[in-house]
Amino acid sequence: MIHNNNDFTFTIDLQLDVLGQLRKFESTSKRRLADGFEQGRTVRELVIARARHIDSLLIGLWQYLQIQGAVSLIAVGGYGRGELHPHSDIDLLLLTDKKSNPENDEKLSIFITHLWDIGLIVGHATRNIKQCFELAKQDVSVVTNLMESRLLAGCPDNFSKITDLTAPKKMWSAKKFFEAKTEERKQRYDKFNGSSYDLEPNVKSSPGGLRDIQLIAWIAQRCYYPQSVFELITQKVITKKEYYTLMRCQLFLWRIRFALHMTSDKAEDRLLFDYQKKTAELMGYQDSDDMLGVEKMMKRYYRSVQVVRNISSILLQSLEYNLIENKTKKVIQPIDNDFQIINQRIDAIDPRIFSAKPFNLLRVFRLIAENPEIKGISAETHRAIRAARNKVGSNFLKSAENRNSFIQFWQIKHSTPRAIFSLKRSGVLSNYLPAFQQITGQMQYDMFHSYTVDEHTLFLLKNLIEFSNEQAKTDYPLCHEIMERQNKPELIYLAGLFHDIGKGRGGDHSEIGAIEALEFCQQHDFSPQDAETVSWLVANHLLMSLTAQKRDTSDPLVIKNFASLVQTPEKLELLYLLTVADIRATSRSLWNSWKDSLLKELAITTLAYLKNEQSYHLEPWEDTKQTALNVLLEQGYSEEWIDYYWQHLKAPYFLKNPADTIAWHNQCILKQVGITPSSESPSVIAIRKRVDGGGIEIFVYSRDVEDLFASLASTFAQHGLNVQGASIYTDDNGFCYDSFFTLSESGKPKMSQRNQQRLKDSIRENISQLESKNLPIQKRMARQIKHFKVNTEIVFSKDEYSPYTRLDIVAKDRPGLLSLLAEAFKSSDIRLHDARITTLGEKVEDTFIISDRDNSPVNNSDAQDRLTKAIRLELDD
């Protein structure tokens with residue numbers, strides 16, 4: 001049996017094993033394609049060649065099995081288009097007449113089984129014509145598959161019948177088909193959170209991916225039957241430039257997908273971290289001094305999908321107008337002599353206005369911001385903006401009128417982010433601010449930043465805008481209150497716009513951005529005070545986050561030093577807004593109740609200091625102690641009992657804990673232990689949700705022993721708790737007052753009563769059996785983390801807020817990390833006093849306040865070396 005093909009011939013030798021011959025042909029096909037890719041053959045040639053190879057194999061096997069009668073072998077879907085990547089699914093329809101043929105049924109079963117046996121991923125359906133017709137009427141995906149079908153072998157009459165029965169005149173009118181496919185697109189976009197910029201995007205399905213290009217082709221083929229996308233140029237639905245731009249993007253995305261299949265050796269369309277570097281290498285991207293090869297590839301990817309997304313949106317709008325809106329009554333609302341609103345979209349009455357008067361390239365976005373009822377831009381206007389956007393350049397910026405117009409856009413207190421997103425996605429923002437173009441599509445090869453720099457910036461601005469919304473009163477009350485007071489919103493918006501604009505250029509991006517923000521404000525005639533405020537916010541946009549997460553914000557000296565950097569209540573409020581918006585825009589999982597409570601506490605306490613500096617107590621621990629005492633006395637506890645415990649507690653305990661926490665600790669102890677603590681006293685374990693909602697607080701009161709901290713850390717890891725912070729204190733009587741602030745693995749500050757009891761039981765059991773301290777941690781390391789190398793960094797310094805030593809550790813995150821560090825502390829005779837745990841994607845940046853066993857700082861170089869070796873022994877791969 002021979003089937004000829006342009007590339008090579010598939011021959012089945014009847015004397016040899018059929019499966020062996022099929023496997024050899026399939027293996028040869030993949031090898032030839034891989035060689036062709038590496039030799040630089042065009043990807044269009046390769047995907048067509050792959051489909052032809054499969055055609056050859058299927059037809060050869062069909063003929064070998066001698067499948068006869070009224071049954072058709074039909075290629076559908078992508079395979080029906082004649083386009084296959086190395087591991088793409090082989091989508092087949094086995095179309096029969098009404099009558100069952102047992103002999104054919106058996107042969108068809110053997111046919112499909114052989115394909116699976118050689119490793120092909122076959123998606124097949126066996127249906128008769130009536131079944132196929134009924135399904136196509138009900139399901140738009142079925143009729144879409146049939147639109148792209150090809151007859152490979154078998155009965156041609158069946159194929160002709162189903163093609164005729166499912167033609168546009170028989171089912172799925174142009175209007176219904178368009179609406180169904182655009183609804184599919186909406187649902188697909190929602191699945192990806194509407195972003196084209198996920199760091200592990202799906203080349204096929206993410207917004208701006210290959211599916212968007214194919215959607216245009218489907219609508220063109222169905223609604224302008226039987227025309228292709230190219231033929232729509234004559235219909236003026238698409239321009240030549242748009243068409244060829246889409247085709248260039250498609251070829252680039254095809255090349256990535258082809259390389260991804262080769263790298264992963266499976267039908268993988270997600271550009272996972274697992275494959276990104278190898279895919280970039282296969283495509284010829286190399287590292288340079290300023291950028292990794294993988295970052296170069298991803299930057300081009302992100303820019304390509306943004307182009308696809310923009311053009312496909314314009315085309316869909318044109319198609320919608322031609323197919324639906326043109327046949328319904330227009331709702332026109334005049335704005336002025338140049339613009340109007342048509343069916344909730346802004347429309348330029350004369351699209352040439354953007355070239356004739358480029359000032360309107362900014363004014364159109366200001367009108368969108370000022371009119372919340374505007375939901376978008378008409379297709380013709382969008383095209384005109386894109387065609388004229390290069391008018392925005394150095395000469396454009398020389399005009400005071402244009403500069404004022406740009407600032408006026410930011411002076412609006414936006415009610416939705418729609419205008420800002422449109423400004424960016426039209427390309428006008430990048431033309432006005434060339435530095436923004438440098439960060440467009442700029443990824444950072446890590447797990448901390450979920451989006452490209454430009455998309456992150458948009459999300460930050462979106463967060464700032466939404467702080468004014470009604471829902472923010474409940475979700476972010478302090479942010480809402482501050483945002484509502486802003487009478488110069490341009491200051492916070494521009495700080496957000498510039499905060500990361502210096503990334504990817506080497507050096508400190510905060511400093512680079514601050515310089516550029518200051519120059520921008522001066523060029524746009526800001527007052528010296530406002531220019532300095534914007535620049536200061538950009539330079540210090542990480543300050544509040546670092547202080548809240550790495551310092552003990554209950555320490556008045558921390559507040560005093562932070563306040564001296566912030567200087568004014570106005571700057572503090574703006575910095576708080578920027579910090580919350582920035583963290584929430586970095587990653588879906590980064591923001592949590594713990595960070596919320598830390599930042600809110602720092603903001604409120606510092607604001608009180610700035611407003612009442614003269615009367616602010618630098619050592620209010622005596623007031624705190626008295627407040628806690630009053631609470632306990634009101635609850636009926638005797639002062640004699642309280643004094644028995646407090647005689648062993650020194651100022652640092654009352655300094656680092658708020659009054660409600662001190663009262664809670666002592667309530668728990670007095671209830672469970674009474675007034676006679678001893679080595680035989682039971683350990684006290686209490687759990688509560690923090691008063692500020694910032695997580696679960698776990699309090700342990702027990703005789704301090706060498707392995708206690710290591711045991712507790714391991715127990716928390718066993719129960720899937722992420723420790724965010726720890727406060728460790730041992731009284732003069734040898735009892736510890738240890739508080740741990742935790743979140744669940746999902747980042748939620750919740751724990752059921754049942755899980756609380758299980759955790760208490762585990763802690764008691766593990767404390768009582770400290771010799772069995774090496775508790776197994778069952779949780780696996782996250783898949784993504786395995787593909788990053790993080791060098792362990794260990795830095796000792798004098799802690800400026802205590803007599804102890806500060807230890808900063810950067811390391812790769814992993815399950816049970818804190819318990820591993822606890823083992824290192826124990827083996828090195830180190831006592832822990834405080835901890836701040838910060839997880840940044842694949843790495844942690846943790847801060848510990850430590851001393852030796854005698855509560856002296858760890859200044860000795862030998863002791864530091866010993867601890868360093870112990871940490872590396874636990875952490876280094």
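Predicted model: local features only at pLDDT ≥ 70, side-chain atom pairs only at ≥ 80, totals over all residues.
**Entry 1: confidence**

I began with the confidence values, and found that the chain has a mean pLDDT of 88, with 92% of its residues at 70 or more.

**Entry 2**

I next traced an open sheet of 4 strands, whose order is β5-β4-β3-β6 and whose pairing is mixed. β5 (122-128) and β6 (150-154) stand at its edges, and because each has a single partner strand, one side of each is left without a neighbour in the sheet. From one strand to the next I noted an average twist of 25 degrees.

Within this sheet I followed strand β4 (residues 90-96), which pairs with β5 in the parallel sense over 7 bridges. In that pairing I found L92 opposite H124 of β5. Helix α5 (residues 129-138) lies across β4 and β5, and its direction makes an angle of about 110 degrees with β5.

**Entry 2: other salt bridges**

I then turned to the chain as a whole, for which the count comes to 41 salt bridges. One of them joins the side chains of R50 and E26, at 2.9 Å from N to O. Since R50 lies in helix α2 (residues 43-65) and E26 in helix α1 (residues 18-38), the pair ties together parts that are 24 residues apart in sequence. Both R50 and E26 are buried, and I noted that a network of salt bridges links E26, K30 and R50.

I also looked up R806 and D808, whose side chains meet in a salt bridge at 2.8 Å, N to O; both of these residues are buried.

**Entry 3: the sheet with β7 to β10**

A further open sheet that I traced has 4 strands in the order β7-β8-β9-β10, again with mixed pairing. Here β7 (332-334) and β10 (376-377) stand at the edges, and each has a single partner strand, so one side of each lacks a neighbour in the sheet. Strand β9 (residues 345-348) pairs with β10 in the parallel sense over 2 bridges, and the partner of R345 in β10 is G376.

**Entry 4: nonpolar cores**

Which residues of the largest nonpolar core touch the most other members? I found these to be F354 and W410, in a core of 97 residues. Helix α29 supplies the largest share of this core, with 10 residues. For F354 I listed the contacts beyond four places in sequence, and they are F339, A348, N360, L361, V364, T381, A384, I385 and A388. There is also a second, separate core of 45 residues, which includes I687, F796, A811 and A870.

**Entry 5: helix α27 and its cover**

I looked at helix α27 (residues 543-550) because 7 of its 8 residues are buried, so that the rest of the structure largely encloses the helix. The buried residues are L543, M544, S545, T547, A548, Q549 and K550. Among the elements that cover them I noted the helices α28 (556-566), α29 (569-586) and α30 (593-611), together with the strands β16 (805-812), β17 (830-836) and β19 (843-852).

**Entry 6: Q724**

Last, I looked up Q724, which is found in strand β13 (residues 721-730). Is Q724 buried or exposed? Its relative accessible area is 11%, and because the cut-off for buried is under 20%, I count Q724 as buried. Beyond its neighbours within four places in sequence, Q724 is in contact with N592, W594, F741, T742, L743, R836 and I837.

Conventions
Residues numbered from 1 in each chain as written. Heavy atoms only, no water. Pairing = 2+ DSSP bridges. Axes fitted to C-alpha atoms, helices over the stretch in contact; angles between N-to-C directions. Contact = heavy atoms within 4.5 Å. pLDDT = per-residue confidence, 0-100. Salt bridge = Lys/Arg side-chain N within 4 Å of Asp/Glu carboxyl O. Buried < 20%, exposed > 50% of the residue type's maximum accessible area, 1.4 Å probe, protein only. Core = buried A, V, L, I, M, F, W, Y, C linked by side-chain atoms within 4.5 Å.
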